[in-house]
Structures are given as C-alpha cells and as structure tokens.
Amino acid sequence: MRRRRIFAATAVAAAGALLISACSSSSGSSSSSSNNNTTPGAVAFNAGISAVVNPSTHKGGTLIFDNSSTPDSFDPGNTYYAWVLNFDRLFVMPMFTFKSCPGACGEQLVPDLATDMGTVSDNGLTWTFHIQSDVKYEDGTVATAQDVKYGIERTYDRTVAANGPTYYQALLTDPKYPGPYKDKSPAGLTAIDTPNATTLVFHLVAPFPDLPDVLAFPSSAPVPQAKDTGANYQLHPVSTGPYMFKNYTLNKQLTLVPNPQWNPATDPNAKQLPSQIIVNLNVSQPDIDNRLIHGDIQVDSAGTGLAAAGRAQVLASPTLKANADDPVNGFARFIYLNTKVAPMNNLHCREAVEYAANKVTMQTAWGGPLAGGQIGSTIMPPNIQGYKSFDYYNALSQSTGDMTDAKKQLQLCGQPNGFSTSMAYRSDRPTETAAVTALQASLATAGIKVTLKGFPAGSYYTDFAGAPAYMHSHNIGMAAGGWGADWPDGFGFLDSLVAGNTISSTGNSNIAEENNPVINNLFTQSSKVTGAARTALWSQIDEQAMKDAVILPMVYQKVVLYRPSNLTNVYVQAFYGMYNYAVMGVSS
Amino acid sequence: MIYFIIRRLILTVFLLLLVSAITFAIFFLVPRLAGQTAYQLAAQYVGKTPTPSEILAVEHKLGLNDPLYLQYGRFVKGIIFGVHYNNGPDVSYCPFPCFGYSFRNQQPVWPQLISDAPVTLSLAIGGAILWLIGGVSIGVLSALRRGSFFDRLSMGIALAGVSLPVFFTGLISLELFSYKWAIFPNVHYVGITSNPVQWARNLVLPWVTLAFLYAALYARLTRAGMLETMGEDYIRTARAKGLPERKVIIKHGLRAALTPIVTIFGLDLGLLLGGAILTETTFSFPGLGQFTILAIQNQDLPEIMGVVMIAAFFIVVANMIVDILYAVVDPRVRF
C-alpha cells in the first residue's frame with residue numbers, strides 16, 4: 001500500500017527470496033556493537049542480501065544519502081513512503097520495529113520503544129503495552145506513554161497529517177475523533193488509555209492480531225505536545241533516536257547530528273556511527289548513480305536501485321558488480337481482472353487472459369530478470385510470511401503464454417474467437433506503459449483485443465481505476481497495479497487487494513472487486529487464530545484468489561542496489577527491501 | 001523619461017495582474033469547467049483512503065469550496081497584505097508578498113521561492129555574463145574574419161551549441177570533468193555566503209553548459225549583425241574619415257549590431273531567472289526550475305501559481321529594462 005504511493009519509486013522496487021542467514025544482534029553501543037551473530041559478508045554480488053558487508057564499529061565521518069525526489073514528510077505521523085519509514089528510525093523510536101539483521105531475520109517484528117510484544121485480552125479487543133521508562137528526547141526530557149498517545153492522536157487530523165495510513169481510525173474505537181487540534185477535551189482519544197507514564201491500553205472495535213505491526217509505523221513514536229508545531233513539525237521532529245535534526249531546508253537538504261541523549265541500550269536496533277548524516281533531495285537519478293559509483297555519496301535513499309545507465313555500467317564490471325545487490329523486495333506488479341465488467345465477469349474469460357499472457361515480454365518491459373523482477377505466479381511475493389509457490393496458469397512452466405489452454409478457456413467463456421475489453425494504466429509511468437503494451441500484444445495473439453486507456457498516476461486510484469463506477473461505466477475490464485505490504489504477512493499484503501469489505505467507491509485497491517465469501521471467511525478466521533495456523537490462511541487466500549483469476553501476476557520486483565566501498569554495516573533489510581538505514585557507518 | 005518609466009511600471013503591474021488571472025484560470029477555472037469539483041480537487045491532498053468528512057475538512061481548510069472569484073481575491077490579497085494560515089496547533093502569519101499556502105507541503109510558498117531564487121540567480125547571471133562576452137566576441141571575430149578557419153570552426157561549434165540540448169552537454173561535461181578527470185568533483189550547489197570559492201567552483205560546469213547553448217546563438221546573431229553593419233555606407237565613411245579600425249568596429253559596427261542582441265538578452269535572462277529547468281535538473285541544483293518541476297509533479301497549484309508569477313515578474317521586468325534602455329538610445333520610443 002505505502003509503496004504504491006511512492007511515485008518516483010515505482011519504476012523499481014524488488015522483492016525477494018532472501019536467504020536465511022545469521023542475524024546481527026545489533027546490541028549495545030555503537031562503539032561496542034557486537035556482531036556476535038553476524039556473518040560478515042565478503043564483498044561480492046548479492047553478499048548484502050544475506051550478510052553484513054563491511055562490518056565496522058568505526059565512529060565518525062559523514063554519511064551522505066541522495067534522493068531523486070522528496071519525502072512525503074519527515075513528520076513521523078505524516079508519512080507512508082517506504083524509504084522514509086526505513087530512514088525515520090534514525091531519529092525516532094516507534095513502539096515496534098523490524099529487527100536489524102540481514103536475511104529473513106529482518107522481517108521479525110521486535111519491540112523498540114515498547115518493552116515487549118504486548119498482551120491482548122481474551123476477547124481480543126484490548127491490548128496493553130508498556131514502554132521503556134528511560135528513553136529521552138533530544139532535550140533530555142523523558143518520553144511517556146501520554147506522548148505516544150498524543151503522537152497517534154495527531155494522525156487523526158487529516159488536514160495536518162494527510163499522508164500516513166489510517167489504520168487507527170479503522171481499528172480503534174472512537175473513529176470519529178477529530179484530532180488534538182480540534183478536540184480540546186482532557187480525555188482526548190478515548191480509544192487509548194494511559195493509566196501511567198509507561199502503559200498504554202488500546203481499545204479495538206474488532207480483534208486484530210497485527211496491531212503491533214501497525215505500531216511499527218513511525219506514527220507510534222512519542223511526540224511531546226508542548227513541542228508539536230503541527231504542519232511545521234516536519235521541519236524538526238523531536239528526536240528519540242540516535243540522530244536529531246540539525247537543519248532541514250524543505251525538500252532540499254537535511255542534516256542530522258548525533259542525539260546526545262540517545263542511549264544505545266534502549267535502542268538496540270539502531271547505531272550512532274557517523275558524526276553527521278546529510279540527505280540531499282531532488283538530485284537527478286543519473287547524478288546519484290554516478291556519485292554512488294564514485295563513492296561521493298554512500299546511499300540512494302529511495303532504495304529503488306540504479307537507473308538503466310548506471311545499472312549497465314555496474315553489471316558490466318566485475319569489480320563494480322561485487323558492490324551490488326539484487327534483492328526481491330516484496331513489491332509485486334500485476335494486472336487486476338475485474339469481476340463485474342463483461343466479459344471479464346466470466347471466470348473463463350479471465351482465465352483465458354491468465355493463460356494467454358506472455359510473462360517474459362512483460363518481465364522484459366519491467367527491466368528484465370535483474371532490474372525488473374522474477375516472473376510471478378502468485379499474488380503474494382516470496383518474502384511475505386505465508387507465501388506458498390503454485391502455478392495454476394503455467395506462468396512459470398510456459399512463460400511465453402499457454403495458447404492451448406487459453407483457447408480452451410475462450411471456448412468455455414463463450415468467446416471462441418476472443419473478445420474485446422479495455423485496460424487502465426498509468427500513462428505517465430514509462431515501464432508500466434511498456435508492460436501493458438507488451439501484454440496487449442500477447443493477448444492479441446489469442447484474439448483478445450485490449451484497448452489501452454492511460455490515466456495520470458496522481459488520480460489513478462481516486463478517479464479512474466480505483467473508482468468502480470468509472471470502471472463499470474467505461475467497460476474497463478483490466479487495470480495495471482502494484483502492491484507492497486505494510487507489514488510482511490498475508491494480511492498486510494492481501495487484505496486490501498481481495499477482501500470483499502475493502503471495496504470502496506474511490507481510492508479502491510480491490511480493483512478486481514473480488515468479493516468471494518470463501519476468501520472473506522478466511523480473513524474473518526485470521527482474526528481469531530495466531531501463529532502457524534494464521535500464517536497458513538494466507539496461502540489459502542492467495543490460491544483461492546488465483547483460482548478466481550482476479551489478478552494476473554507479472555513480476556515480483558527486483559532492484560539493483562549499489563553499496564560504495566566506504567559504506568559500512570550494509571545489508572538489505574528484508575522487510576524494507578532496501579539497505580537498513582538505521583545501522584550504517586562510513587569508513588572515511 | 002520619468003513619465004515613461006512610471007508608465008512602464010504601471011503597465012508592468014497590470015501585466016502581472018493579468019498573468020496571475022490567466023494562470024489562476026488555467027489551474028482553477030478550467031478544471032472546474034471540465035467537470036472537476038472542489039471535492040475531487042481536495043481529495044488529491046488528503047492521502048490514502050480518506051473519509052468524505054476528511055475530504056470536506058481539507059476542502060474547507062484550503063478554501064476550495066469558496067467561489068473562484070473569492071479564491072482569486074484571496075490570492076491577490078495575500079500577495080499584497082499577507083495571509084494567516086492554520087498550522088494545526090496555532091495560526092501563523094505569512095507576510096507580504098505571500099503567494100499562498102502549499103496544498104502538499106503545508107508551507108507558505110513565498111519562503112520556498114526566496115530560498116530557491118539565489119540558486120537560479122547564481123546560475124543565470126554567471127551563465128549570462130559568460131555567454132554574452134563569449135558569444136559576442138566570437139561573433140565579432142568571425143564576422144571580421146569571414147570565411148577563415150576560425151570563422152568556420154567557431155560557427156561549426158556554434159551550430160553544435162544551438163543544436164545540443166542542455167541535458168546532453170551537461171551530462172557530458174559532468175562525465176568528463178567531474179567523474180572521469182575529476183577537475184570539478186562532486187558538483188553540488190554551495191551558497192555564496194557559506195563559501196564563495198566553493199560556490200564558484202561548483203558553478204563552473206553549469207555556467208559553461210548554459211553559456212555553450214546561449215553563446216552559440218549570440219555568436220551567430222552577432223556575426224550576422226556585424227556582417228550587415230560593416231557593409232553599411234557609414235562604416236565606409238568612418239573609415240574614409242581616417243578613424244582607427246578598432247574605433248570603427250567597436251563604436252560604429254558593434255554598437256549598431258548589438259541592438260537586437262540587447263533585446264534578446266533581456267528576454268533570455270528574464271526567462272532563465274524564472275527557472276533554468278534543464279540545467280538545474282541536470283546538475284541537481286535546487287533552484288526555481290527544480291521547484292517548478294516538483295510543483296507540477298505534486299500538482300501543487302499554489303506552488304505552480306507562485307513560480308509562474310515569479311517567472312512572469314522576471315520576464316516583464318527584464319523587458320521593461322530593455323525598453324528603458326531603448327528609450328535612452330532612441331528617444332522616439334518614449335512617445
């Protein structure tokens with residue numbers, strides 16, 4: 001969801017079967033940060049996927065990030081961009097975070113400001129969390145449970161904090177709470193109680209086992225009410241993390257310096273190694289790639305990888321290639337097949353599309369196996385908990401298209417000579433345009449004529465593909481889309497895509513309008529079980545949705561990331577699908 | 001002369017008002033005429049999965065539910081008197097000349113423009129000096145040595161300069177002088193007040209890139225003008241009077257040939273001051289050009305309005321200065 005919103009980041013993103021390897025404990029102070037459980041990675045292609053490359057405890061130096069765009073906001077309560085969620089951990093401590101370690105270990109949710117994973121009441125409607133009592137802001141004052149509650153309250157005022165997710169409004173009681181700027185009552189948001197300075201009690205409208213995942217968003221970081229500057233908070237959020245804002249020129253440059261009040265014992269998943277961190281914004285992508293390759297900067301913070309020219313240069317040189325990683329990052333590209341628009345409302349017509357599509361040409365359009373991604377046959381990509389490999393439409397066994405089965409399905413859907421439909425896509429996204437054009441060509445060979453209808457990305461979900469009435473009235477049976485989970489389990493990935501109760505009149509992400517009672521029941525079950533039983537449900541939902549042929553998978557996306565030799569403690573954090581920004585250092 | 005200047009100033013204000021009205025109509029009125037509602041516009045600035053009441057709240061906060069003439073009046077009033085805007089916990093004041101409040105960044109537009117302007121000014125003025133001196137000098141020398149190797153070489157290079165886009169020459173210059181030979185490594189903008197030497201060092205490549213494009217044009221224009229002027233009877237007369245050749249060339253030939261150059265220089269500089277989009281993007285300089293691109297990408301209407309007004313201001317003022325210079329040179333223009 002959040003990654004769909006990364007306009008500039010869309011061209012890339014990756015997903016990936018990340019090799020399970022030893023995890024870095026990342027404990028303790030940066031100067032003594034132990035890598036006891038870390039397998040230091042040799043400098044080699046893809047070494048950063050499964051191990052720490054250039055492990056170091058060296059302090060000092062300036063770590064420079066460049067970004068070809070801008071953040072949605074550095075206000076922790078007002079962001080949804082993947083790279084900002086990753087980067088925010090340098091200056092705020094949310095309730096939970098993902099464990100700092102390479103490999104699949106990096107998908108593990110662990111307490112950050114919280115002391116443990118919380119306790120839930122028998123009916124699943126009340127969660128109790130405790131926070132550390134000795135975490136301090138940059139001014140030396142102690143962060144309290146009331147500050148965590150206030151930080152969450154701020155996200156309810158969409159006139160100030162519009163960018164972030166809306167899970168609290170959907171999950172907690174008191175959904176109409178207007179936010180602390182309009183509501184001046186002493187109780188504030190009644191859905192959260194703070195009986196003392198270290199305890200938070202959340203009241204839910206329905207059981208939701210993934211609440212700790214929601215609290216991994218930086219919006220759960222504490223905000224002292226006295227220091228809240230509303231819309232201007234993005235210019236200087238009060239730090240609880242290892243670094244704090246020195247200065248920030250909006251959308252140009254951010255400088256972070258070490259937070260003297262930060263205690264590494266309270267924040268084992270972050271480090272305080274560089275003496276300064278600079279983020280340059282709005283730098284052209286070719287410039288970023290060149291600076292990376294020449295070691296002038298250390299990180300392309302968007303995490304979307306090298307552009308075509310830089311990629312070609314790196315992959316062609318064994319020396320440079322050894323400094324690159326090509327992870328799959330959990331983002332999937334696919335085509336929604338609408339279940340309400342004729343003739344796509346016929347299962348066999350949708351299955352004909354699934355069989356006939358040439359997955360190789362689409363993969364090539366996305367950038368090929370390294371930069372585009374691996375061909376998908378499921379909705380969930382491999383790094384989502386609950387993923388199970390299957391191939392109902394021969395996407396892997398006959399990647400160039402299975403015309404025999406496509407013809408059979410066309411017969412069954414009563415359109416033996418094919419049919420006509422339209423497909424929505426974002427015309428201002430060149431790779432998506434190339435992919436749907438490739439699909440159009442391959443479907444034409446089966447007699448399925450697709451008329452492409454391009455729309456601007458900015459209003460794609462609000463006014464066009466995400467507006468069912470528009471899709472129906474314009475007979476648009478297919479729509480290009482992409483998805484990255486807000487947290488790495490099946491609920492985070494599948495709920496918005498195929499759960500019947502998520503269909504909405506605008507901003508709709510269930511564009512196929514899948515409303516299968518079997519799937520809906522599985523989602524209902526998922527709120528009542530935990531652990532392996534719950535995880536098993538995700539593959540069942542994935543399989544059922546694929547049997548319903550509501551989504552045509554294209555690729556699980558991959559990106560080519562580059563790590564200059566002067567960048568230390570570098571590895572891909574599995575959940576983010578990019579390097580872990582919270583622990584990096586610089587050698588010179 | 002004073003009346004002439006006052007007349008021009010009044011006309012400038014009128015022109016800027018007209019530009020603001022037309023720009024406002026393009027971005028606010030035309031979408032309405034095409035069927036877009038204030039609600040739909042507000043929905044673009046509420047983030048993911050907003051409820052109707054949240055969209056209405058944003059619509060109200062941004063004033064999009066007001067009649068368009070009121071919204072335009074508020075914009076103009078903000079430029080003249082400043083604007084109060086709701087920050088969340090309190091109300092802040094954006095003083096004159098406040099160009100509105102960004103829908104996307106939730107920050108007043110004017111401070112952002114002011115913060116970006118020095119970058120564009122540095123780029124445009126430095127580049128302009130280079131291309132004016134370089135272009136005119138090459139043009140004069142080419143005209144005086146018509147048909148020579150120098151003439152053919154310089155005009156060939158000029159043709160390349162006119163033909164090659166900035167994003168090509170800029171990237172080539174970066175590749176060669178920044179990455180391959182590292183004469184100007186790690187080019188990035190440094191403020192003149194923080195380090196004048198670094199400011200100049202980092203601007204050399206953008207200046208040269210910009211100057212390469214414009215100097216080529218100016219060289220060709222100057223050459224053509226000089227060739228025409230140097231064939232005039234009064235040049236022959238000047239020579240016949242025994243004036244030194246240097247004086248003939250500079251005082252009589254070049255002066256007359258420069259008239260169209262001054263006109264086009266005013267336009268070019270004015271245009272560039274509004275944002276050297278390609279050069280700033282190529283070199284990642286955070287100036288008005290980059291601001292423009294970002295405003296358009298974000299569909300941030302107040303920011304687009306602001307940058308259009310700034311660009312219009314520079315162009316109109318540059319033209320006014322050219323007109324005044326003309327009036328100095330040729331008194332007939334005043335009437």
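The model I am reading is predicted.

**Entry 1: A:Asp157 and A:Lys182**

I looked up one pair and found that the side chains of A:Asp157 and A:Lys182 form a salt bridge, at 3.1 Å from N to O. A:Asp157 sits in the loop between α3 and α4 (167–171) of chain A, while A:Lys182 sits in the loop between α4 and β8 of chain A. The two are 25 residues apart, and the pair links distant parts of the chain. Is A:Asp157 buried or exposed? I noted a relative accessibility of 3% for A:Asp157, so this residue counts as buried.

**Entry 2: A:Arg563 and A:Asp325**

Next I took the salt bridge between A:Arg563 and A:Asp325, where the closest N and O atoms are 2.7 Å apart. A:Arg563 is in the loop between β21 (561–562) and β22 (567–568) of chain A, and A:Asp325 is in strand β14 (residues 324–325) of chain A. The pair therefore ties together parts that lie 238 residues apart in sequence. A:Arg563 has a relative accessible area of 2% and is buried. A:Asp325 is at 0% relative accessibility, so it counts as buried.

**Entry 3: A:Arg333 and A:Glu432**

I then found a salt bridge from A:Arg333 to A:Glu432, with 3.8 Å between the closest N and O atoms. A:Arg333 belongs to strand β15 (residues 328–337) and A:Glu432 to helix α13 (residues 430–444), both of chain A, and they are 99 residues apart. Both A:Arg333 and A:Glu432 are buried. I also noted a network in which salt bridges with shared partners join A:Asp66, A:Asp287 and A:Arg291.

**Entry 4: a sheet in chain A**

In what order do the four strands of the open sheet lie? I read the order as β6-β7-β9-β8 in chain A, with antiparallel pairing. The edge strands, β6 (119–120) and β8 (192–196) of chain A, each pair on one side only. Helix α3 (residues 145–154) of chain A packs on the sheet and touches β8 and β9 (199–203) of chain A. Its direction makes about 165 degrees with that of β8(A). Going back to the strands, I found two bridges joining β6(A) to β7 (residues 126–130) of chain A. A:Thr119 stands opposite A:Thr128 in β7(A).

**Entry 5: nonpolar cores**

Which residues touch the most other members of the largest nonpolar core? I found A:Phe87 and A:Phe202, in a core of 139 residues. Leaving out residues up to four places away in sequence, A:Phe87 touches A:Phe65, A:Phe74, A:Leu254, A:Leu256, A:Val279 and A:Tyr581. A second, separate core has 73 residues, including B:Leu41, B:Leu123, B:Leu205 and B:Met309.

Methods:
Residues numbered from 1 in each chain as written. Chains lettered and ligands numbered in written order. Predicted model: local features only at pLDDT ≥ 70, side-chain atom pairs only at ≥ 80, totals over all residues. Heavy atoms only, no water. Pairing = 2+ DSSP bridges. Contact = heavy atoms within 4.5 Å. Axes fitted to C-alpha atoms, helices over the stretch in contact; angles between N-to-C directions. Core = buried A, V, L, I, M, F, W, Y, C linked by side-chain atoms within 4.5 Å. Buried < 20%, exposed > 50% of the residue type's maximum accessible area, 1.4 Å probe, protein only. Salt bridge = Lys/Arg side-chain N within 4 Å of Asp/Glu carboxyl O.
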